[in-house]
Amino acid sequence: MFELGKRQVLVIDHKADFGVYLCDHVRERGEDTECILLPKKQVPKGANIGDEIEVFVYKDSSDRLIATTKTPMLTIGEVKELEVVQVNKVGAFLYWGLEKDLLVPFSEQTIKVKKGEKYLFALYIDKSERLCGTMKVYEYLRTDSEYKENDMVSGTVFSVNPQYGAFVAIDSKYLGLIPANEMVRNFHIGEVIEARVKERREDGKLNLSVREKGYMQMDIDSGFIMEKLEVNQGFLPYHDKSSPADIKEVFGMSKNEYKRAIGRLYKMKKIRITPEGIYKL
């Protein structure tokens with residue numbers, strides 16, 4: 001049995017002028033078993049009938065099963081970053097190391113992709129038994145990482161939902177989430193982020209934070225506010241009555257974090273707080 005989209009070991013059954021035919025086992029005389037072609041240019045030098053060869057199985061441009069000794073950039077069960085090489089009325093096409101580019105149907109695109117840009121993709125078999133790419137990688141990410149609370153991780157944002165947060169593919173393998181209450185700024189799909197594991201959930205999924213621990217973050221926030229004051233002639237029109245949305249948009253922090261930071265600066269006698277805003281001293 002051939003496993004579409006995976007590397008597997010097959011046996012040379014017979015030869016032809018244009019390559020060799022592979023089966024999943026050594027056939028008995030007269031046995032009617034399907035074989036697939038490994039093109040002549042892919043056949044290892046000196047290969048003979050009965051030899052085992054590790055190949056990748058996919059479909060050619062005529063939708064026929066075919067084998068290759070090349071290793072594609074993406075196989076079933078993996079998530080990888082690939083480049084879009086073409087966009088047309090059918091969908092997007094990715095370069096993945098094989099002669100035939102990989103199709104990503106419009107229905108499997110979570111955003112409008114652009115030629116020359118790279119995004120995260122997984123590989124799946126569609127209803128017509130063809131290999132296609134998808135940007136819907138959530139179900140392909142694992143939850144068995146060894147990361148623990150306070151570990152630093154690197155990942156790529158693959159989905160953003162204002163209600164839940166930003167979903168992150170950590171190391172292109174593991175599922176992480178920056179919860180909505182930790183989204184101190186807007187994240188975009190394809191963005192690579194560095195984050196701290198805030199919580200390892202019972203199901204193995206990782207809740208992430210792009211902010212430092214509280215006492216460290218307060219110093220960072222305070223310094224950022226002072227920089228803002230410097231470039232705004234020593235005044236910022238944000239105070240206790242300012243909306244949380246305005247605070248988040250301007251400073252990239254929650255209103256409570258902003259209040260803690262200016263409270264710290266006030267105690268250090270670096271600012272003056274008024275109903276109109278804050279002034280640098």
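Strands S9 and S10 (residues 131–134) pair in the antiparallel sense over 4 bridges, where strands are DSSP runs of E of at least two residues, numbered from the N terminus, and two strands count as paired if DSSP finds at least two bridges between them. This is a predicted model, in which local features need pLDDT of at least 70 and side-chain atom pairs count only at pLDDT 80 or more, while totals for chains, interfaces and linings use all residues. Residues are numbered from 1 along each chain as its sequence is written, and side-chain values use heavy atoms, with hydrogens and water left out.

Within this pairing, Tyr124 has Cys132 in S10 as its bridge partner, and the hairpin of S9 and S10, with 5 residues between the strands, includes Glu129 at a positive phi near 60°. S9 (residues 118–125) also pairs with strand S6 (residues 79–87), antiparallel and over 5 bridges, with Glu83 opposite Lys118 in S9. Because 6 of its 8 residues are buried (under 20% relative accessible area with a 1.4 Å probe, protein chains only), S9 is largely enclosed by the rest of the structure.

Beyond its neighbours within four places in sequence, Trp96 is in contact with residues including Phe56, Leu82, Leu123 and Leu131, contact being heavy atoms within 4.5 Å.

Elsewhere, a closed barrel of 5 strands runs S11-S12-S13-S15-S14 with mixed pairing.

Key
Buried means under 20% relative accessible area, exposed over 50%, partly exposed in between (1.4 Å probe, protein chains only).
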